[in-house]
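Dear colleague,

Please find below the structure that I am handing over to you. My notes on it follow directly after.

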Amino acid sequence: MPTESTFLLFGLFMVAAAAGWAFARYLDRAVRGSEEDEPPLSQGYLRGLNLLLDQKTDKALDMFVRMIATDDEALDTHFALGSLFRRRGEVDRAIRIHQNILARPDLSASQRHAALFALGEDYLRAGLLDRAESLFRQVADVADDAEPALRNLLGILETLGEWTQAIEVRQQLARVTGESQALEIAHCHCEAAERALAAGDGKLARALLKKAQRTRRDMPRGAMIRARLAEQDGDTDMAWRLLRNVVRDDVALLPEVLPELHRIALRRNDAAGLDGLLRPLLERRGRGEHTLAYAAIICDLLEPAVLEEAVIEFITGNDTLASLVDAEELRNAASDDRRETLVRMAGGLRRLAMSVVRYRCESCGHAGHRMSWQCPSCKAWDTTRPTSELPLAGLLAPRRDT
Ligand SMILES: [Zn+2]
């Protein structure tokens with residue numbers, strides 16, 4: 001049901017529309033110097049406005065719809081009215097307005113495209129995705145500016161998981177805008193590959209991953225899926241190489257691949273290899289060292305030794321944490337209590353890290369609890385990464401009684 005604020009908004013809208021229309025008419029008359037041909041439309045708008053203010057929205061809508069058929073100069077106003085209905089969530093009314101605009105036989109091509117697009121947005125808002133998809137396809141095929149329709153179409157296809165069609169639309173978008181869509185297309189191939197894997201079709205998954213690789217080389221996600229397949233096939237050398245490159249290309253992904261790296265190192269009986277891969281991060285200091293400590297804490301891994309060293313450096317390098325432990329003892333490899341203290345501290349830090357959102361989109365800032373290759377908020381691909389943040393302020397928060 002329309003709310004009181006809806007009516008107020010319509011009222012203001014129509015006052016603005018009527019005032020703009022009246023002013024234009026006034027100017028027109030002033031230029032022509034004539035008072036003749038008082039148009040009947042002003043009466044129509046005023047009656048419509050009165051009906052809206054009397055909260056008779058459907059009667060007002062009937063009036064505006066009748067006016068659409070005859071009112072040549074106020075088509076923009078009708079588009080705006082339709083858009084207003086949609087934004088207020090009154091999609092049926094928006095659809096009616098836009099369908100009646102489309103029914104006019106004298107629309108120019110661009111007016112027709114605008115009406116089709118607006119109706120597509122109405123259907124999208126109403127959740128009628130198949131109808132919206134059909135309209136956006138029509139507009140994308142013929143409109144001078146196809147980009148908005150293609151982007152809406154992509155949104156629908158990605159929501160439906162129609163990855164093959166999404167790739168075709170991305171290719172069309174690349175032609176229209178001149179912007180590369182390689183990263184996005186490679187992710188669509190990966191999405192389809194993950195689906196094939198879930199369905200047990202490893203052959204199809206491999207073919208799709210090859211396509212992803214051809215579209216975009218050095219793609220961490222593709223390498224991570226291929227590593228999973230290689231490990232399943234027993235090709236631990238290949239799995240190791242792929243994951244090693246992921247870490248070298250994008251250290252922020254370390255918490256995502258450390259358990260696999262650790263498992264493969266054990267299978268290959270090559271703890272030294274893992275130590276050798278990670279040690280440069282510890283020696284690099286700054287972000288690399290922090291990410292290493294965070295990954296060790298989150299993944300609950302203190303072996304090989306480089307992980308233990310990173311966690312010790314992290315604890316002793318933080319004033320608050322260092323005050324809770326005996327730093328000398330923690331660094332003393334000969335101490336019997338050292339390991340127990342370290343495990344207890346790492347466990348506490350892990351619970352702390354798990355108590356907050358662990359992933360953030362670098363494009364829009366959206367925070368979530370799961371790694372998403374496509375941001376659920378801004379829909380950008382490959383912009384979400386682990387935060388690697390340990391919310392130490394939480395140490396001071398009062399305990400919650402649950
Ligand atoms: Zn985002």
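Is C361 buried or exposed? With a relative accessibility of 3%, C361 counts as buried, because buried means under 20% relative accessible area, exposed over 50% and partly exposed in between (1.4 Å probe, protein chains only). C364, by contrast, counts as partly exposed at 38% relative accessibility.

Please note that this is a predicted model, in which local features need pLDDT of at least 70 and side-chain atom pairs count only at pLDDT 80 or more, while totals for chains, interfaces and linings use all residues. Residues are numbered from 1 along each chain as its sequence is written, and side-chain values use heavy atoms, with hydrogens and water left out.

Both cysteines belong to the zinc site: the protein donors of the zinc ion are C361 (SG), C364 (SG), C375 (SG) and C378 (SG), lying 2.3 Å from it. Donors are N, O and S atoms within 2.8 Å of the metal (3.2 Å for Na, K and Ca); water is not among the atoms, so sites may look incomplete. In sequence, the donor residues follow the spacing C-x2-C-x10-C-x2-C. The 4 donor atoms subtend angles of 105 to 114 degrees around the zinc ion, so the arrangement is tetrahedral (for four donors, all angles between 85 and 135 degrees).

The whole structure also holds 2 aromatic pairs, that is, rings of Phe, Tyr and Trp (its six-membered ring) with centres within 6.5 Å; planes under 30 degrees apart count as stacked, over 60 as edge-to-face and the rest as tilted. One of them joins W163 and W381 edge-to-face, at 5.9 Å centre to centre and 70 degrees between the planes. W163 is buried, with a relative accessible area of 8%, and W381 is buried at 4% relative accessibility.

Yours sincerely

Notes: Tetrahedral: all angles 85-135°; square planar, octahedral: opposite > 155°, others 65-115°.
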